[in-house]
Amino acid sequence: MQVSVGGDAPVIDVDGLVGLTSELARFPSQIPNEGELGRFLADYMRASACFDEVRLQPVVPGRFNVVGVVTGDAPGRRLLLNGHTDIPAPTGSWTRDPYDGAVADGRVYGLGLTDMKAAVACMVKAAEAVAERRDGFGGELVLSAVIHHNVCGLGTKFFLDTWDRPIDAAINGEPTDLALQLAHGGAWQFQVTTYGLAKHSSRRGVNAIEKMLKLLGDLSLDALTYSPWDDVDGLPRLVLGDIAGGGSPSRTAERCVVKGDVRTVPGMTEDSLRSDLARLIARLSSEDPEFRAEVDGLSYQRPFWAEDSWEVVSLVSRAHEAVTGSPAQVSRGLPMSAYVTDSSDLVRAGIPTAIYGPGDWNGEPDESIAISDLVTASRVYAEAALGFLTPE
């Protein structure tokens with residue numbers, strides 16, 4: 001089955017799109033296991049004969065960015081389609097195999113499809129559709145399917161550091177439920193450790209868990225230094241998502257560890273957040289001579305902001321309306337404002353970027369994505385790419 005937008009529009013191979021999405025779902029590609037999926041995707045892109053260049057970038061041994069290039073028949077600009085191949089771990093109670101890639105009831109099922117294997121498949125098939133029109137555009141369409149997005153964006157940082165040609169604009173395919181997202185916060189993930197003295201209950205010890213409870217009682221957004229980001233809804237946010245300590249119900253805990261995540265606004269940096277926590281720890285230490293704690297940073301990413309006036313924003317918006325018949329929803333609010341994408345690194349590299357992708361990710365069991373959304377996203381990517389690469 002093939003679908004086009006109009007008489008002169010790029011044609012999307014829908015059966016191939018569904019098949020590729022299903023295939024990608026079968027790889028358990030959590031960090032650091034993206035390597036097998038990277039090799040498969042590179043082989044698939046080479047076999048399609050639509051890409052003029054396919055590279056495996058070894059970011060670390062055995063883990064690869066996959067980069068494909070479709071070249072027009074004349075000099076011109078360069079557009080990047082950016083997605084990642086790492087996925088979250090399964091949570092909750094699944095009623096089906098998270099890695100079977102089943103197709104049923106107009107949907108494809110599998111872990112990590114919305115975040116974001118489905119968008120990667122859509123970009124591959126969009127690039128193939130653009131390649132069929134290579135005699136009508138100039139420049140290059142570049143696709144980067146990168147490893148280790150997580151928070152820090154390792155794969156995209158590596159791509160930007162090693163890529164040897166300028167890039168004029170980018171589309172990031174993180175899940176927006178087919179809306180156009182133009183901003184999100186940054187993120188700092190951290191670890192706080194409190195220390196005690198392990199003793200049996202018959203002796204006097206110092207309980208690191210009790211010390212941690214003191215800290216957690218005061219650790220809130222009110223303890224952090226920031227100015228509101230009036231143009232973006234829902235930020236900042238603080239989550240304390242992991243706690244561990246002790247080892248015996250009858251002994252005081254020697255250590256207690258909490259891991260947390262702050263979704264930041266401009267002005268909140270890793271240094272400022274460390275200072276905020278250090279100030280809190282210093283106050284608690286002054287009140288309690290037995291209170292000892294330290295802070296470690298785990299991962300960091302900066303906020304993202306796109307201008308309405310950027311050409312790539314207008315092109316994606318127009319492509320969405322051409323494909324769906326309805327204006328694109330434009331957002332700078334939740335839930336996407338509390339996500340983190342590699343768009344932050346792209347913009348910092350001077351590349352105007354818009355975020356647009358299929359699926360509404362929330363990490364629930366039995367994750368799936370509508371085939372109709374796959375087709376829409378792929379058509380929008382192809383339309384926007386040709387609009388950017390076709391000379392006036």
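Predicted model: local features only at pLDDT ≥ 70, side-chain atom pairs only at ≥ 80, totals over all residues.

Residues are numbered from 1 along each chain as its sequence is written, and side-chain values use heavy atoms, with hydrogens and water left out.

Begin by selecting residues 103-104, 107-109 and 368-370, which are strands E6, E7 and E19 (strands are DSSP runs of E, at least two residues, and helices runs of H or I, at least four, numbered from the N terminus). They form an open antiparallel sheet in the order E6-E7-E19 (strands pair if DSSP finds at least two bridges between them). Because E6 and E19 stand at the edges with a single partner strand each, one side of each has no neighbour in the sheet. Two bridges join E6 to E7, and Ala104 stands opposite Arg107.

Next select residues 371-389, helix H9, which packs on the sheet and touches E6, E7 and E19 (contact means heavy atoms within 4.5 Å).

Thr85 counts as buried, at 3% relative accessibility (buried means under 20% relative accessible area, exposed over 50%, partly exposed in between, with a 1.4 Å probe and protein chains only). Among the residues that Thr85 touches, not counting those up to four places away in sequence, are Ser29, Lys117 and Val146.

Finally, select Leu79, Leu141, Val312, Val316 and Tyr381, which touch the most other members of the largest nonpolar core, of 70 residues (a set of buried Ala, Val, Leu, Ile, Met, Phe, Trp, Tyr and Cys residues joined through side-chain atoms within 4.5 Å). Apart from this core lies another, of 27 residues, including Leu215 and Val262.

Note on methods: Axes fitted to C-alpha atoms, helices over the stretch in contact; angles between N-to-C directions.
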